[in-house]
Amino acid sequence: MVIAIVGASGAVGQELLAVLEQRQFPISELRLFGSERSAGNTYLFRGKEHTVHLLQHDDAFQGVDIAFVSAGAGVSRAYAEDITRFGAIMIDNSSAFRMDEDVPLVVPEVNAADALKAPRRIIANPNCTTIQMVVALQAIEQISHIKRVHVATYQAASGAGAQAMKELETQYRQVLNGEDVTVNKFAYQLAYNVIPHIDVFTENGYTKEEMKMFNETRKIMHSDVKVSATCVRVPSLRAHSESIWIETEKPVSVSQAKAAFANAKGCVLMDDPENKIYPMPLFLSGKDEVFIGRIRKDISDDNGLSFWCVSDQIRKGAALNAVQIAEYLNGQNDK
């Protein structure tokens, strides 16, 4: 297949290159695109140097089968027609088209078949926090319909991009050296802090990030589930964590939940509190799966269940999910 990556120099673009290589995705030609700042950069892929070309309104996407786009919503909207007009499928990692009725929003473990219905030849990759949550929710949904979700996220600096990771590292050094702290990527200093503010606030008091978890979950799962989220930036480098409480129509026991998570595609059960075994981002960065632990009955609700999950949001929350969509379209459903 002829594959294009738009935003090749960014954190997700770089992860896409790694995932495509690791999973041996069938590629006959790779085309990389980026902004004026990244045009001319070269990256090694399967032993060959590839140059990043300037993204322009031209016919550079002629012959492309699948284009992975991760350069922000503005770029996605501006270049969608250029990317798709010759027949390419655009798998978009921005928020530009996620809630459009004629654009499928896909997490392959949950709703892979939706990817086959893309009249605009655009498939949207959901928000990273939503992706890892719905992979876990789907396991329980098979036992009993989930009516309600409360979730608190603990989102790593990498969710704001590669420069945000560098800023966090710089902040730690500055604090330890007694220097003024650099704050550009976050609302406040993140080092030695947590910030209950990701994206902009809306009129109902929730941020856009929190509303994404409400709206995207319902679209992906084809469900009337209600989701209330509080999204928090924490001073870890990579991999997001989520504390999730669900209310189901019928009671779900801890043993049922553990069995469901253990057997669910894309999930790894990591639940042995007596031996201090539970998911943590420190040890799970770079992993593909959603890791789930701290599973327990909610003592305030007979139909309630609580658990904790961790996933690398650059991999499963972005690059890997996009590649899995492409694999599904290419008939590689066993991966």
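Reader: Leaving aside neighbours within four places in sequence, which residues is Lys 212 in contact with?
Author: This is a predicted model, so keep that in mind. Lys 212 is in contact with Ser 95, Arg 98, Asn 127, Thr 130, Asp 199 and Thr 217, once neighbours within four places in sequence are left aside.

Reader: Where is the place of Lys 212?
Author: Lys 212 is in helix H6.

Reader: Is Lys 212 buried or exposed?
Author: Lys 212 is buried. Its relative accessible area is 18%, and buried means under 20%.

Reader: OK, zoom out. How many helices and strands does the protein chain have?
Author: The chain has nine helices and 13 strands. Its radius of gyration is 20 Å, close to the 20 Å that the globule rule gives for 335 residues, so the chain is as compact as a globular protein of that length.

Reader: What does the C-alpha trace span along its principal axes?
Author: About 60 × 55 × 45 Å.

Reader: What percentage of the residues is buried?
Author: Buried residues make up 52% of the 335.

Reader: And the surface? How much of the accessible surface belongs to carbon and sulfur atoms?
Author: 49% of it belongs to carbon and sulfur atoms. The accessible surface of the chain comes to about 14,900 Å².

Reader: What about contacts? Of those between residues at least 6 apart in sequence, what share joins residues at least 24 apart?
Author: 66% of them do.

Reader: Charges next. How many positive and negative charges are there, and how far apart are their mean positions?
Author: There are 34 positive and 41 negative charges. Their mean positions are 2 Å apart.

Reader: Back to details. How do E3 and E4 run?
Author: They run antiparallel, and four bridges join them. Tyr 43 stands opposite His 50 in E4.

Reader: What do E3 and E4 form, and how many residues lie between them?
Author: They form a hairpin with two residues between them. Arg 46 sits in that turn.

Reader: What is phi of Arg 46?
Author: Phi of Arg 46 is near 50°. That is a positive value in a residue other than glycine.

Reader: How exposed is Arg 46?
Author: Arg 46 is partly exposed, with a relative accessible area of 35%.

Reader: What is phi of His 222?
Author: Phi of His 222 is also positive, near 50°, and His 222 is not a glycine either. His 222 lies in the loop between helix H6 (208-221) and strand E9 (226-233).

Reader: Is His 222 buried or exposed?
Author: Exposed, at a relative accessible area of 60%. The cut-off for exposed is over 50%.

Reader: New topic. Where is Ala 319 found, and what does it touch?
Author: Ala 319 is in helix H9, residues 315-329. Not counting residues up to four places away in sequence, Ala 319 touches Val 12, Glu 15, Leu 16, Val 19 and Ile 314. Ala 319 counts as buried, at 0% relative accessibility.

Reader: How far is Ala 319 from Ala 139 in space?
Author: 22 Å, C-alpha to C-alpha. In sequence, Ala 319 and Ala 139 are 180 residues apart.

Reader: And Ile 66? Where is its place?
Author: Ile 66 is in strand E5, residues 66-69. Ile 66 is buried, with a relative accessible area of 2%. Beyond four places in sequence, Ile 66 touches several residues, including Met 1, Phe 25, Ile 89 and Ala 326.

Reader: Last one. Where is Gln 174, and is it buried or exposed?
Author: Gln 174 is in helix H5, residues 162-176. Gln 174 counts as buried, at 10% relative accessibility. Its C-alpha atom is separated by 9.5 Å from that of Ala 191, 17 residues apart along the chain.

Conventions
Residues numbered from 1 in each chain as written. Predicted model: local features only at pLDDT ≥ 70, side-chain atom pairs only at ≥ 80, totals over all residues. Heavy atoms only, no water. Buried < 20%, exposed > 50% of the residue type's maximum accessible area, 1.4 Å probe, protein only. Pairing = 2+ DSSP bridges. Rg over C-alpha atoms; globule rule 2.2 N^0.38 Å. Contact = heavy atoms within 4.5 Å. Areas by Shrake-Rupley, 256 points an atom, 1.4 Å probe, with all protein chains shown as cover. Lys, Arg positive; Asp, Glu negative; His and termini not counted. Charge placed at Lys NZ, Arg CZ, Asp CG, Glu CD.
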